Amino acid sequence: MANIHNVTEFIFLGLSPNQEVQRVCFVIFLLLYTAIVLGNLLMVVTVTVSRNLGSPMYFFLSHLSFVEICYSSTTAPKLIWDLLAEKKSISVWGCMTQLFFMHFFGGIEMFLLTVMAYDRYVAICKPLHYTSIMNQQVCAVLVGTAWMGGFVHSFAQILLIFRLPFCGPNVIDHYFCDVLPVLKLACSDTLLNGLLIAANGGTLSVISFVVLLASYVVILFHLRTRSSEGRRKALSTCGSHVTVVVLFFAPCVFIYLRPSATLSVDKMVAVFYTVITPLLNPIIYSLRNAEVKKAMKSLWIRTRKVDKK
């Protein structure tokens with residue numbers, strides 16, 4: 001931190017300067033964050049204890065739900081606290097830590113969604129070899145690769161901003177630390193840093209999205225030879241994943257693949273991918289999947305029986 005001079009903390013402007021709006025937002029986001037933690041935790045527990053959910057798809061889904069809890073926890077608790085605080089501040093070290101873990105877990109989620117698309121490709125296009133291709137060792141390696149990919153992505157982001165000099169001002173027109181708002185406060189030329197950040201975050205999002213899109217084009221092409229019932233079942237299992245992919249990647253592409261600017265809509269988009277998407281994921285996967293709903297019902301019955309004893 002030798003290059004950071006006068007600034008020791010950053011000040012957030014938050015979602016709104018209106019005190020009444022902030023109180024209302026406090027209640028809303030507290031409820032949303034609670035629902036995120038409980039909903040995704042329920043998904044993790046359901047997959048872990050249910051024998052019927054032992055396939056690789058549910059293995060990846062449980063990891064995705066765990067990552068969603070971690071991802072939303074990098075920003076939501078601080079946002080909720082600041083909604084009632086007079087001074088919305090964060091130390092420089094705290095800002096860099098938040099920035100790192102947000103991109104770390106976001107990168108993991110990006111890679112996990114790509115891995116899940118590959119899993120659906122093998123299950124639909126190579127069903128006879130599915131169990132041999134997607135064995136436990138392969139699944140563990142794919143998940144480990146996702147975590148490593150998230151680390152490399154996040155490390156590259158933080159490396160581009162960590163040693164920049166911050167001399168003031170120190171006000172961030174946002175409710176959390178992200179590379180683009182923080183980059184604006186650096187008192188040096190950040191053109192190259194901005195281009196590299198866009199290349200790292202935006203290009204990674206686009207490439208992953210293209211790979212996902214290509215995999216589903218191949219799946220749809222392969223389904224032409226299936227019966228109508230076979231197509232329906234295959235599309236049903238893919239539909240939830242496609243919905244989650246769109247909800248995750250669309251905001252990322254909007255944020256990183258456009259000229260850097262301070263837009264009020266950025267905050268709303270950020271709320272969507274840091275709070276709304278982690279909330280919707282377990283709902284989407286449970287409502288559209290009969291096996292998950294059955295497993296959750298079984299878990300609930302077993303829990304009730306234990307309580308009665």
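Visitor: Which residues does Thr-46 touch, not counting residues up to four places away in sequence?
Guide: The model is predicted: local features need pLDDT of at least 70, side-chain atom pairs count only at pLDDT 80 or more, and totals for chains, interfaces and linings use all residues. Residues are numbered from 1 along each chain as its sequence is written, and side-chain values use heavy atoms, with hydrogens and water left out. A contact means heavy atoms within 4.5 Å. With residues up to four places away set aside, Thr-46 touches Leu-53, Val-292, Ala-295, Met-296 and Leu-299.

Visitor: Does Thr-46 count as buried or exposed?
Guide: Thr-46 lies in helix H1, residues 19-49; helices (H or I, at least four residues) and strands (E, at least two) are DSSP runs, numbered from the N terminus. Buried means under 20% relative accessible area, exposed over 50%, and partly exposed in between, with a 1.4 Å probe and protein chains only. Because its relative accessibility is 0%, Thr-46 counts as buried.

Visitor: How many helices and strands does the chain have?
Guide: From the N terminus on, the order of elements is β-α-α-α-β-α-α-α-β-α-α-α-α-α. The secondary structure comes to 11 helices and three strands.

Visitor: What share of the residues in the chain is buried?
Guide: The chain exposes about 15500 Å², of which carbon and sulfur atoms supply 69%; accessible areas come from the Shrake-Rupley method with a 1.4 Å probe, and for residues only the protein chains shown count as cover. Of the 309 residues in the chain, the buried share is 49%.

Visitor: Among contacts between residues at least 6 apart in sequence, what share joins residues at least 24 apart?
Guide: The count takes in contacts in the chain between residues at least 6 apart in sequence. Of these, the share joining residues at least 24 apart is 81%.

Visitor: Why does the end-to-end distance of helix H2 agree with its number of residues?
Guide: Helix H2 covers residues 56-73 and is mostly covered, with 14 of its 18 residues buried. The expected span of a helix is 1.5 Å times one less than its number of residues. The 18 residues should therefore span 26 Å, and the end C-alpha atoms of H2 agree, being apart by 26 Å.

Visitor: Which residues is Cys-139 in contact with, leaving aside neighbours within four places in sequence?
Guide: Cys-139 sits in helix H6 and is buried, because its relative accessible area is 5%. Its C-alpha atom is separated by 8.0 Å from that of Phe-60, 79 residues apart along the chain. Leaving aside neighbours within four places, Cys-139 is in contact with Pro-56, Phe-59, Phe-60 and Met-134.

Visitor: Which residues form a nonpolar patch on the surface?
Guide: Patches are made of residues with over 30% relative accessible area and no salt bridge, like charges being joined within 9 Å and nonpolar side chains (Val, Leu, Ile, Met, Phe, Trp, Tyr) within 5 Å. One member, Met-148, lies in helix H6, residues 136-162, and counts as exposed because its relative accessibility is 52%. With about 500 Å² of accessible area together, the patch is formed by Met-148, Phe-151, Val-152, Phe-155 and Leu-159.

Visitor: How far apart are the end C-alpha atoms of residues 138-162?
Guide: The unreviewed UniProt entry places the feature "transmembrane region" at several spans, including 100-118 and 138-162; UniProt positions are given in the numbering used here, feature names are shortened, and annotations may be inferred rather than shown by experiment. Residues 100-118 are 100% helix and 0% strand, with end C-alpha atoms 27 Å apart. Residues 138-162 are also 100% helix and 0% strand, and the distance between their end C-alpha atoms is 35 Å.

Visitor: How many residues apart are Glu-9 and Lys-87?
Guide: A salt bridge is a side-chain nitrogen of Lys or Arg within 4 Å of a carboxyl oxygen of Asp or Glu, and the whole structure has four. One of them joins the side chains of Glu-9 and Lys-87 at 2.7 Å, N to O. The pair links distant parts of the chain, with Glu-9 in strand E1 (residues 9-12) and Lys-87 in the loop between helix H3 (76-82) and strand E2 (89-91); the separation in residues is 78.

Visitor: Which residue forms a salt bridge with Asp-82?
Guide: Asp-82 counts as buried because its relative accessibility is 4%. With the closest N and O atoms 3.3 Å apart, Asp-82 forms a salt bridge with Lys-78.
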